[in-house]
Amino acid sequence: MSPSEVEKSSDVSPGNGAVATSAKPQMVDLPHGEALQPQEAARIMGAAPTRVIVFGGPYESGKTTLISSIYERFRKGPFADLCFCGSCTLLGFERISYLGRQASGLARPQMERTTQQMGRQMFHLHLYDSARRVVQDVLLTDLSGEEFENVRNFGGTCRGLDVIARADHFVLLIDGAKLRDVTLRQQARDESCTILRRLQEKGLLGKRSLVDVLFSKWDLVEGDPAGGRARDFAAVVETHLHECFGESVRCLKFERIIARHPDGLAPLATGVEKVLPAWCHEPCMPEPVCRFAVEDWLQRREFDRFLIAGCQG
Amino acid sequence: MPTPAKCHLLVGLPSAGKTTFLAAFWYVVKNATSHDALRIQVLPDDQGYLNGICDVWMKGKPQQRTPSGHVHQVSMRLVDPATNLAADIVFPDLSGEMFGQQWAHRQWAAEYDALARTAAGMMLFIHPQYIEDACNIADIARGVNILTDGAKSPCASGVPAQDLQRATPWDPLRAPTQVVLIDLVQFMVGEPCWLPKMKVCVVVSAWDLVERQGKPPGQWLKAEMALLYQYLTTNIRTIEYCVFGVSAQGGDLGNEETRKLLLDEAEPAKRIRVFNGTGERSDITMPIRWLQA
């Protein structure tokens, strides 16, 4: 850390008990705590095996809300057998969670839209799995609605989406609100199908990819007297996507979630507990393993062979 | 022979009870009020600041806020009567606002940085009355729903989406207390200090206010600050922690009757009450002894 000089120290009184000093001498920068840019995230990925989870979906399908709700859920206690172990993006989490807080002065929880101009924002969680007794770094990032639209409509614009190729899990959100509306539900099915196909054609998803499809805002479907039709349609979408992509990716899963019920009638991140452990445990690619058995490696040197022979008596 | 000076940081947001703790602590070590409490070996030359805050404490008055921009660096040589070993201890007493600024503006003073990098321990102060919980709108809606037995449901979902320009601008200083405290600890065990191991003594001050809940301090922390509790319990490689409930004044000074009773006590040190998982004592040096061990 390079200290940046602001003002010289002054007013240091002698004595052994209490020394009052001016507090604005030199300042040292601390980690910014905001969402990470990819080059900053690379430091975390370089230091420890890290799961990268990428959320994609159309405008207002609830991608950032989902990221915020996972953080907010940990604020209330352990979640899905996972405990919060730290984060270097706490300020960033606070920023995106703010419009769901009473302090915002809003009467209904809202979320600021992620735009392409913001750049790729990655949120970090360091989690402890109490069942497996391991810690895991997880990076969560979402594609903006614009990016999603561009990929859907123009294949040439996939260049900024390399993060999907690195993703351990690609999570596609389908807006549950659209499934209730007969004029929008076909579009919801079509755009999810198109985006998966496009990403596959561009080589960003493939045989090794782990894909989760989440039907978001499921409270709207459950709370709708005519929600049965939306539920049936979701099942149709599920079958259709399975037929189209079930064989071409390593795993395709479906789940219904309520990231944040506006009236708090469902716990935060309902349904996410079924997918979050897999996001932490299942890597897209197997962890690197040592190609040589340690003994083979050691026995290459005469002195090591001597030591091993000595140990074996 | 004294051991090399150990620096223990007193960390907490405004009105967390840092100065009140220090005032009561100074009184106890200076007057050697109990057999097993730490005591001062040599009175420091300059005791002005400590005596000033101690006078306020003895009068049963609340401490003035530590002025922002000042670091009162308190150093003293303490002796443990059990072992007869002396140790130099340094406590930088910063205003709570400065810790808030560290979180919000992501800078700290170079002078504090030098102390932080050599810190052996940290006392993390939490005042149960001054916890920013940052309630979610949805939680409040659910609470209203429960209180009105569903008569007012739906609450938030019935409200149309509002213009975000009308929202009160985000202020990082209003972030949840536990989140700010976690980041302050992360600065120690992570970037920029990278201390390999840190003792963190959580002091829940004004413990008399929450004593009625019947939970030991550790359980109180688990219930009220779940994120901080998870953070402390899962980072066992870098953090050793302990939770104390401390009532440095002994009761609510705002209540005139209680104040009178407390001031009637001939020995002010007997007003102090310290709780940990095993019971109640009146030795305010217990948290420091735990840090020193």
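Is Asp88(B) buried or exposed? In this predicted model, Asp88(B) has a relative accessibility of 19% and therefore counts as buried.

## Strand 9 of chain A and its surroundings

Strand 9 of chain A (residues 210-216) is paired with strand 8 of chain A in the parallel sense over 6 bridges. With strand 10 of chain A, strand 9 also runs parallel, and 6 bridges join the two. Asp175(A) stands opposite Ser216(A) in strand 9. Towards strand 10, Leu214(A) is opposite Glu255(A), and Val213(A) is opposite Phe254(A).

In a regular strand the side chains alternate between the two faces of the sheet. Leu210(A), Asp212(A), Leu214(A) and Ser216(A) point one way from strand 9 of chain A, while Val211(A), Val213(A) and Phe215(A) point the other way. Because 7 of the 7 residues of strand 9 of chain A are buried, this strand is largely enclosed by the rest of the structure.

## A helix pair in chain B

In chain B, helix 1 (residues 18-31) packs against helix 2 (residues 48-58) at an angle of about 100 degrees, their axes being 8 Å apart. That angle makes helix 1 of chain B roughly perpendicular to helix 2 of chain B. The residues of this contact comprise 11 nonpolar, 3 polar and 1 charged. On the side of helix 1 the contact includes Leu22(B), Trp26(B), Tyr27(B) and Lys30(B), and on the side of helix 2 it includes Tyr49(B), Ile53(B), Cys54(B) and Trp57(B).

## Salt bridges

Over all chains, the structure holds 28 salt bridges. One of them joins the side chains of Glu147(A) and Arg120(A), at 2.8 Å from N to O. Glu147(A) belongs to helix 4 (residues 145-153) of chain A and Arg120(A) to the loop between helix 3 (90-97) and strand 6 (122-129) of chain A, so the pair ties together parts that are 27 residues apart in sequence. Glu147(A) counts as buried at 11% relative accessibility, and Arg120(A) counts as buried at 11%.

Glu191(A) forms a salt bridge with Arg152(A), with the closest N and O atoms 3.6 Å apart. This pair links distant parts of the chain, since Glu191(A) lies in helix 7 of chain A and Arg152(A) in helix 4 of chain A, 39 residues apart. Both Glu191(A) and Arg152(A) are buried.

In chain B, the side chains of Arg77(B) and Asp88(B) meet in a salt bridge of 2.9 Å, N to O. Arg77(B) lies in strand 3 (residues 70-80) of chain B and Asp88(B) in strand 4 (residues 85-94) of chain B, 11 residues apart. Arg77(B) has 30% relative accessibility and counts as partly exposed, whereas Asp88(B), at 19%, counts as buried. In chain A, salt bridges that share partners join Glu149(A), Arg152(A), Lys178(A), Asp190(A) and Glu191(A) into one network.

Terms used: Residues numbered from 1 in each chain as written. Chains lettered and ligands numbered in written order. Predicted model: local features only at pLDDT ≥ 70, side-chain atom pairs only at ≥ 80, totals over all residues. Heavy atoms only, no water. Pairing = 2+ DSSP bridges. Helix = DSSP H or I, 4+ residues; strand = E, 2+ residues; numbered from the N terminus. Axes fitted to C-alpha atoms, helices over the stretch in contact; angles between N-to-C directions. Parallel < 35°, antiparallel > 145°, perpendicular 65-115°, else oblique. Contact = heavy atoms within 4.5 Å. Nonpolar A, V, L, I, M, F, W, Y, C, P; charged D, E, K, R; others polar. Salt bridge = Lys/Arg side-chain N within 4 Å of Asp/Glu carboxyl O. Buried < 20%, exposed > 50% of the residue type's maximum accessible area, 1.4 Å probe, protein only.
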